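User: I would like to go through this model term by term. Please set each value against its definition.

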Amino acid sequence: AIDRYPVPVVCVDSYSGFRNASTVDMDSVTAVRSGVDHLIAHGHRRIAFFGPPPVFQCHLDRLRGFHEAAQGAAESGAQFETHTVTDAQIRPALKECLARPGRPTALVCDRWDFGLAAWDTVAETGLRVPDDVSLLLIDALPGEDHPGRGVVNSIEPTPAEMGRQAVAVLEDILQGKVTSPVNIRLPARVTLHPSPAPPVLRLAG
């Protein structure tokens, strides 16, 4: 429908394959890869990704970044697992994952609500962040007073900058400076904290 729209269109944080629309989004692939590399560098050898069904481009890109990091760490003997779950499935899936022998020592959560579910589930199972489980959240924890601030690794979009870039592209289109679709990919805001793997599980990995 967007490709058939008869006026200039700039989509923000959207699919980038339009024939007649420009886009501005976040470089999720690079951001997630760097976040997972951070976990690997801190000794994690069992890392699990939890995300919604990858319908939208952003989720496809985040999953791709996770897989690229996994491929890069193949020689380390690290184990990576991917869980695609719905809103109703996320908490039971996390609980099952953390309860089994050889559980992951790090979780990558593709959405802020999945990250909150992970934080709660870790606590409910008697574990602690980051002492027992490290978290990498692809989004921001809500609220400045959340106890995860300062310990949960995060990858956040920059909506204000994406909006500015989108307006600039639209102005260029209207002024005739841009005559074909433009795809701008901005870096994410990546915040990483010390995330050492638990000593026993690190050695076992």
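User: What makes the lining of the largest cavity nonpolar, polar or charged?

Analyst: The lining divides into four nonpolar residues, four polar and one charged. Ala, Val, Leu, Ile, Met, Phe, Trp, Tyr, Cys and Pro count as nonpolar; Asp, Glu, Lys and Arg count as charged; the others, Gly among them, are polar. The lining residues are F49, G51, P52, P54, H59, L63, H83, T84 and D110. β3 (46-51), α2 (57-72) and β4 (79-84) are the elements that give two or more residues to this lining. Helices (H or I, at least four residues) and strands (E, at least two) are DSSP runs, numbered from the N terminus.

User: What basis do these values have?

Analyst: The model is predicted: local features need pLDDT of at least 70, side-chain atom pairs count only at pLDDT 80 or more, and totals for chains, interfaces and linings use all residues. Residues are numbered from 1 along each chain as its sequence is written, and side-chain values use heavy atoms, with hydrogens and water left out.

User: Why is this space called a cavity, and how much space lies in the largest one?

Analyst: On a 1 Å grid over the protein atoms alone, a cavity is a set of points where a 1.4 Å probe fits but cannot get out; lining residues have an atom within 4 Å of a point. The structure holds one cavity of 30 Å³ or more. About 40 Å³ of space lies in the largest cavity. That volume is the space filled by probe spheres set on the points, which are joined across faces, edges and corners.

User: How do you know whether the span of helix α1 agrees with its number of residues?

Analyst: The expected span is 1.5 Å times one less than the number of residues. For the 14 residues of α1 (residues 28-41), that gives 20 Å; the end C-alpha atoms are 20 Å apart, so the span agrees. Just after α1, G43 takes a positive phi of about 95 degrees.

User: What makes a nonpolar core, and which residues touch the most other members of the largest?

Analyst: A nonpolar core is a set of buried Ala, Val, Leu, Ile, Met, Phe, Trp, Tyr and Cys residues joined through side-chain atoms within 4.5 Å. Buried means under 20% relative accessible area (1.4 Å probe, protein chains only). The largest core has 23 residues; F50, L107 and L135 touch the most other members. α4 gives the most to this core, with six residues. A second, separate core of 18 residues includes I47, F49, A73 and L136.

Key. On a 1 Å grid over the protein atoms alone, a cavity is a set of points where a 1.4 Å probe fits but cannot get out, and a pocket is an open set with protein on both sides within 12 Å along at least five of seven lines; lining residues have an atom within 4 Å of a point. Buried means under 20% relative accessible area, exposed over 50%, partly exposed in between (1.4 Å probe, protein chains only).
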